[in-house]
Amino acid sequence: MDAGHGGTNLGAVGPTGVIEKDLTLAVSLKLRDLLEAAGAKVIMTREKEIFFDNKERILFYRDSTPDLLVSIHLNSSADPIRVGGTSTYYRSVGFRPLSQAIYQRMLSLGLKEYGNNGSFNFMLNSPTEYPNALVEMLFLSNPAEEMKILDPGFQQQIAEQVLNGIRDFLKQAATK
């Protein structure tokens, strides 16, 4: 699992000054705990506040040979009031089922639809050795959504829905 950004790579900044890298780490740690409780072996790019270059992340995962990769992020827009919602991204069409399963579960949180988007050119979505998806939990630039993600209880709900999406994907893959 990848907690987006870290160290000098801050990511988006919300209206209150909260930084994406801190929130992606918080949610990723909650998701890690849920995955481990479900019996998964979790490999993480970062479990504390450090910088981890994207090229190093790719090599780390290729060497670790994961079964799948989920990268956790927050989105941002120049239009902080009208633009919001949750979205997932995949690069290879074969990995769409993973991002779609997570996206459907994220929508159950009452977040606006921002889409499940393909052919996404994000470095961590480029390996084809394992299914991977990028999750943009919501828009940190949107004040209402920022308030949601600042709530540890809502962070836990997001982690639970990402876990449920992974489970849905694994069930679908097992029946094929």
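## The largest pocket

Rolling a probe the size of a water molecule over the atoms shows where empty space is left.

This is a predicted model, so local features need pLDDT of at least 70 and side-chain atom pairs count only at pLDDT 80 or more, while totals for chains, interfaces and linings use all residues. Residues are numbered from 1 along each chain as its sequence is written, and side-chain values use heavy atoms, with hydrogens and water left out.

## What lines it

The lining of the largest pocket is made up of 20 residues, and L35, A40, K41, D67 and L68 are the ones nearest its centre; a lining residue has an atom within 4 Å of a point. By type, the lining splits into 14 nonpolar, 3 polar and 3 charged residues.

Helix 1 (20-37), helix 2 (54-64) and helix 5 (152-174) each put at least two residues into the lining. Helix 5 gives the largest share, with 4 residues. Helices (H or I, at least four residues) and strands (E, at least two) are DSSP runs, numbered from the N terminus.

Buried means under 20% relative accessible area, exposed over 50%, and partly exposed in between (1.4 Å probe, protein chains only).

What E20 does have is a polar contact, side chain to side chain, with H5 at 3.3 Å. A polar contact is a pair of N or O atoms within 3.5 Å; within protein, one must be able to donate a hydrogen and the other to accept it, and residues adjacent in sequence count only if both atoms are side-chain atoms. H5 sits in the loop between strand 1 (2-3) and helix 1 and is buried, at 17% relative accessible area. The backbone of H5 is worth a look too, with a positive phi near 70° in a residue other than glycine.

## Another positive phi

T65 is not a glycine either, yet has a positive phi of about 45°. You'll find T65 in the loop between helix 2 and strand 2 (69-75), where T65 is exposed, with a relative accessible area of 59%.

## Salt bridges

There are 8 salt bridges in the structure, each being a side-chain nitrogen of Lys or Arg within 4 Å of a carboxyl oxygen of Asp or Glu. One of them joins the side chains of D2 and R57, at 2.3 Å from N to O. D2 belongs to strand 1 and R57 to helix 2, so this pair ties together parts that are 55 residues apart in sequence. D2 is buried at 1% relative accessibility, and R57 is buried at 2%.

R62 pairs up with E129, with the closest N and O atoms 2.8 Å apart. Because R62 is in helix 2 and E129 in the loop between strand 4 (113-117) and strand 5 (132-139), that bridge ties together parts 67 residues apart in sequence. R62 is partly exposed at 39%, whereas E129 is exposed at 51%. D33 and R32 also meet in a salt bridge, at 2.9 Å from N to O; D33 is partly exposed at 40%, and R32 is buried at 17%. Then there's a network of salt bridges linking K21, R46 and E49.

## Two spans across the model

F95 lies in the loop between strand 3 (86-89) and helix 3 (96-107) and is buried, with a relative accessible area of 12%. Between F95 and R32, count 63 residues in sequence and 21 Å in space, C-alpha to C-alpha.

A174 is in helix 5 and is exposed, at 65% relative accessible area. The C-alpha atoms of A174 and D63 are 25 Å apart, with the two residues 111 apart along the chain.

Definitions and conventions. On a 1 Å grid over the protein atoms alone, a cavity is a set of points where a 1.4 Å probe fits but cannot get out, and a pocket is an open set with protein on both sides within 12 Å along at least five of seven lines; lining residues have an atom within 4 Å of a point. Ala, Val, Leu, Ile, Met, Phe, Trp, Tyr, Cys and Pro count as nonpolar, Asp, Glu, Lys and Arg as charged, and the others, Gly among them, as polar.
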